[in-house]
Amino acid sequence: MALLLVSGLGSPALAETPVVTLASAAPIQSVRPETRPSSVERVSADQDGLEAWVTAFRAKALAAGITAEIYDRAMRGVTYDPAIVRRDRNQAEFTKTIWDYLETAVSPARIRNGQAALARQDAALTQIEAQYGVEKEILTAIWGLESAYGAVRGNTEILSAMATLAYDARRAAFFEAQVLAALRILQDGHTTQGNLRGSWAGAMGHTQFMPTSWQDHAVDFDGDGKRDIWSDDPRDALASAAAYLRANGWVTGQPWGVEVRLPGGFDYASARRETMRLPSAWARLGVRDVNGQPVPDHGRASILLPAGHTGAAFMIFDNFEVLESYNTADAYVIGVGHLADRIAGGPGLAGGWPTSDRALTFDERIELQERLTAAGFDTQKIDAKIGPLTINAVRRYQQATGRVPDGYASLGVLESLRR
Ligand code: CA
């Protein structure tokens, strides 16, 4: 779990590693290009600044119950890493289309490796599923996307990374809390400082928990008294992910979503998160699964068109929102859900994608929001984030101009706004 980001799609890490960090709904703050000059002098000044921050933060840590001995030992060697600050500021630059993302996230190798990983941990996963009510294929899929089933857990020193980002001060309170939680992990002996490693953004272990998520949700599955998500043994981490999803409202037995086909004449304005109906009510409107069958009534559902009306369509349930607690990107949630279905032996997606489209750049997303707002379709924020407010503004623009109101923020919409 984690922190993060990216305007629509998964983290930049996916290309080189399968890690997608999640953003516990932490709002993306202003994403601004790095303007300070990056020089040796600057880094040296920042290292001095970080050390001053460590000295100043000590009283706060001690007041929070960290012992002086732990603080002084653990924080003595923290180093400023300018690359982490750059990545934190620029992460929204990295975007992929959902079809490119899914090609990597749910590749044949990841499906195969997932089936093997599930088989290896079947006894533990069966017990975790019984205890927490989260299906083992979902847990395996999260494990697969977060760390390639434990193979890529990140090697960044967490205390240095979290201290660097706390000192950077753009989201100081959030990262100060991460520093304190990481120190508590050491103080309580759950792992060693040498093991306290993870992604640059602070996500650790097989299922990529932020320190505060560890604090609130990690569990000791194997009963050795340590909530050890860093061990090569993945069981504590898998049980911790289950505990996290359960705490966020996971409904046992309910799908994350089901791929559907929409009928001719479908009212695309109803394909929005706010419009929820039972699958039987959707079936009466002609919305059925890809085999033409009505979807069983698992609970109320909405219709999601992640790439507009020419791409694949999904009927999504409350569990979709629960998975968003791990990472809010639609592409990530669909990646987890579809990978879980494939690990269970299910078929590939039947719907296609508008593959001649490309992802909008950061500047284009800003321009889209500015032009929509100027044209009277207020996005309320100009932040390059294609969230519900921007999607609804796109939809209103499409309705006003006689287009299919699917809310898809495509290059075509931007180009028509420019005309
Ligand atoms: Ca344990």
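**Close-up A. Buried residues of helix H3 in this predicted model.** Take a look at helix H3, which runs over residues 68–75. Ile70, Tyr71, Ala74 and Met75 are the ones to find here: each of them is buried. They sit on the same side of H3, because together they cover an arc of only 95° around the axis.

Close-up B. Trp99 belongs to helix H5 (residues 98–105), while Trp353 is in the loop between helix H15 (330–343) and helix H16 (362–374). That's 254 residues apart, so the pair links distant parts of the chain. Both Trp99 and Trp353 are buried.

**Close-up C. Phe266 and Tyr268, edge-to-face.** Here the planes are at 85° and the ring centres 5.2 Å apart, so the pair counts as edge-to-face. Phe266 is buried, and Tyr268 is too.

**Close-up D. Two arginines over tryptophan rings.** Arg227 has its charged end over the ring of Trp214, 4.0 Å from the ring's centre. Arg277, in turn, lies over the face of Trp282, at 4.6 Å from the ring centre.

**Close-up E. Gly150 in its loop.** You'll find Gly150 between helix H8 (136–147) and strand S1 (156–157). Gly150 is buried because its relative accessible area is 8%, under the 20% cut-off. Leaving out residues up to four places away in sequence, Gly150 touches Trp143 and His206. Ala117 is 33 residues from Gly150 in sequence, and their C-alpha atoms are 9.6 Å apart in space.

How values were computed
Residues are numbered from 1 along each chain as its sequence is written. This is a predicted model: local features need pLDDT of at least 70, side-chain atom pairs count only at pLDDT 80 or more; totals for chains, interfaces and linings use all residues. Side-chain values use heavy atoms; hydrogens and water are left out. Helices (H or I, at least four residues) and strands (E, at least two) are DSSP runs, numbered from the N terminus. Buried means under 20% relative accessible area, exposed over 50%, partly exposed in between (1.4 Å probe, protein chains only). Contact means heavy atoms within 4.5 Å. The arc is that of the directions from the helix axis to the C-beta atoms. Rings of Phe, Tyr and Trp (its six-membered ring) pair if their centres lie within 6.5 Å; planes under 30 degrees apart count as stacked, over 60 as edge-to-face and the rest as tilted. A charge sits over a ring if NZ of Lys or CZ of Arg is within 6 Å of the ring centre and within 35 degrees of the ring normal.
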